Amino acid sequence: MSPESKELNARTAAQTVTAVNSGDIRALEVAYASLEAIESLNPKVNAFTDVLGERALLEARAVDDAIQDGQTLPLAGVPYAVKNLYDVEGLTTRAGAKINRENPPATADAILVRKLKEAGAVLVGATHMGEYAYDFTGESAHDGICRNPHDTDYMTGGSSSGSAAATAAGMVPLAMGSDTNGSIRVPASFCGLFGLKPTYGRLSRAGTYPFVGSLDHLGPLTRSAEDLALIFDVLQGHDPADPAQTNHPEIETHTRLAEDIGPLRIAVAGGYFREKALPDALNAVDLVAKALGASLEIDIPEAARARAAAYVITAAEGSTLHLNRILQRPRDFDPETRDRFLAGTMVPAIWVQQAQRFRSWFRDLFRKIFENVDVLLAPATPFPALASGTKTFTIGGETMPARPNIGLFTQPISFIGLPAVTVPIWLEGAKLPIGVQVIAPAWREDLALRVAHQLELSGVARAPVAKLS
Amino acid sequence: MADTFEPRAHVAHMEKMLGLTIEEDWRPVVEMHIAAIEKAAEAVLDFPLEDHAEAAPVFVP
């Protein structure tokens with residue numbers, strides 16, 4: 001890769017936007033640099049399943065024309081990728097599955113892809129993911145292992161594996177993911193990225209392939225907190241095509257990012273969130289808490305039960321979605337998801353209904369907790385990235401399968417739809433990063449983003465491009 | 001519930017009822033997963049909820 005391309009690819013989205021809008025560089029140069037990085041680096045990490053060179057160049061030229069005409073675009077010339085469950089016109093939406101790649105190409109872009117395009121962003125491709133998003137590892141029987149750019153012997157995390165790898169490797173400054181139980185926040189933690197899971201119902205999911213409608217969210221992964229805010233503001237807006245999306249008022253986060261966080265009451269999530277964490281995760285949370293002056297620890301009761309309830313809902317609802325496929329073509333599934341989907345078809349209704357009732361109870365509990373604090377800190381994962389191929393891990397003497405359980409700390413939060421930003425932490429001497437969740441009350445993504453931004457400014461959280469040569 | 005739940009019997013029954021295909025080398029893993037879900041469900045069912053606690057999803061006509 002040329003030094004010029006490398007320099008362009010190391011920029012944040014915000015830096016590219018400024019340079020393209022001011023005419024310092026052309027969107028076309030940025031697109032070429034991104035495509036060059038993909039060609040050179042993708043064979044090492046396996047982040048992309050589809051590269052859209054032609055479309056990217058067309059979109060970049062259109063951006064340059066608009067700038068030439070005097071327009072200013074909020075995401076001018078920002079190259080980005082989408083997890084391959086987003087519809088992209090002319091491309092078959094794989095959702096990580098073998099079966100779905102027999103479907104005809106999508107006839108239109110997903111709504112969020114359309115919004116990104118209108119804002120001047122340039123789509124360069126679609127990324128690797130675990131089959132039907134039922135994954136926390138980044139390892140797929142159909143598309144191979146997606147590798148962590150910071151050390152290719154380690155997992156990316158999943159299921160937004162390719163989106164995380166592409167961003168961490170510097171192929172793009174932004175990639176879109178989805179998060180049902182932690183699929184943005186887990187790979188953000190393992191790959192050292194900022195990742196935003198907005199409030200449930202905030203962003204339209206129209207034109208994306210579902211997993212668990214009750215819990216599915218979409219959101220961005222980036223190498224800067226500012227970029228998350230910039231992009232989040234573009235993605236908002238009511239869309240009746242998503243039945244779960246609410247008409248809640250939009251919020252402006254980017255312009256308010258630098259507001260003083262001094263008055264915010266920030267606390268560490270205790271109980272379950274401390275007991276199940278290994279030392280690196282605890283140290284990362286403590287480092288962030290110290291930097292923010294957060295000395296209070298609040299016990300979060302029933303978090304393990306919340307996680308259990310999310311587990312039950314996911315199994316049953318996900319398996320209902322795939323019932324016909326699992327009945328007719330079980331051998332075409334990834335064995336790692338097949339056996340889980342098979343088990344999920346056998347869940348009695350009473351387990352699911354009680355889990356959904358408990359969800360209301362747990363939401364009410366958090367509403368009370370947030371009367372006394374504004375932001376909570378919790379680990380994003382119990383440990384940094386596991387070595388590729390790891391099948392189990394042990395915490396507190398309990399050994400459990402890795403694939404379903406890496407999201408121990410993300411699952412209780414998405415269960416009740418709270419917005420959370422994963423911030424990347426590099427502990428002293430660590431060779432891999434680990435993420436901390438900055439969790440805010442429903443509809444207050446602005447608070448989590450402001451805290452993440454301050455951590456970035458102070459150097460506590462950082463997301464360097466991986467030194468993948 | 002934990003004492004009475006038999007993954008093997010449950011899988012065998014549901015397999016027949018739904019017409020699922022479960023090859024013999026998949027069976028122990030499917031049984032392991034339904035046992036894990038049952039364990040999670042047990043924790044949920046053990047929690048006392050008031051009668052007025054409604055399920056989270058709301059249908060909007």
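A residue counts as buried here if 20 or more other C-beta atoms lie within 10 Å of its own. Keep that cut-off in mind as you move through this predicted model.

Stop 1: Select chain A. By that cut-off, 61% of its 469 residues count as buried. Chain A shows 17 helices and 15 strands. Its radius of gyration is 20 Å, close to the 23 Å that the globule rule gives for 469 residues, so chain A is as compact as a globular protein of that length. The C-alpha atoms fill a box of roughly 60 × 55 × 45 Å.

**Stop 2: contacts inside chain A.** Stay on chain A and display its contacts. Take those between residues at least 6 apart in sequence: 78% of them join residues at least 24 apart.

**Stop 3: the annotated span.** Select residues 30–447 of chain A. UniProt lists this span as "domain: Amidase", in an unreviewed entry. Colour the span by secondary structure: 37% is helix and 16% is strand.

**Stop 4: where chain B meets chain A.** Show both chains. Which chain gives 26 residues to the contact, and which gives 27? Chain B gives 26 and chain A gives 27. Hide chain A and look at the side of chain B that touches it. Helix 1 (7–18) and helix 2 (27–45) of chain B are the elements that give two or more residues to this side. Select helix 2 of chain B next: its 10 residues are the largest share. Finally, colour this side of chain B by class. You will find 21 nonpolar, 4 polar and 1 charged residues.

Conventions
Residues are numbered from 1 along each chain as its sequence is written. Chains are lettered from A and ligands numbered from 1 in the order in which they are written. This is a predicted model: local features need pLDDT of at least 70, side-chain atom pairs count only at pLDDT 80 or more; totals for chains, interfaces and linings use all residues. Helices (H or I, at least four residues) and strands (E, at least two) are DSSP runs, numbered from the N terminus. The radius of gyration is taken over C-alpha atoms; the globule rule is 2.2 Å times the number of residues to the power 0.38. A residue is buried if 20 or more other C-beta atoms lie within 10 Å of its own, exposed if 12 or fewer, and partly exposed in between; C-beta atoms are placed from the backbone. Two residues are in contact if their C-beta atoms, placed from the backbone, lie within 7 Å. Ala, Val, Leu, Ile, Met, Phe, Trp, Tyr, Cys and Pro count as nonpolar, Asp, Glu, Lys and Arg as charged, and the others, Gly among them, as polar. UniProt positions are given in the numbering used here, feature names are shortened, and annotations may be inferred rather than shown by experiment.
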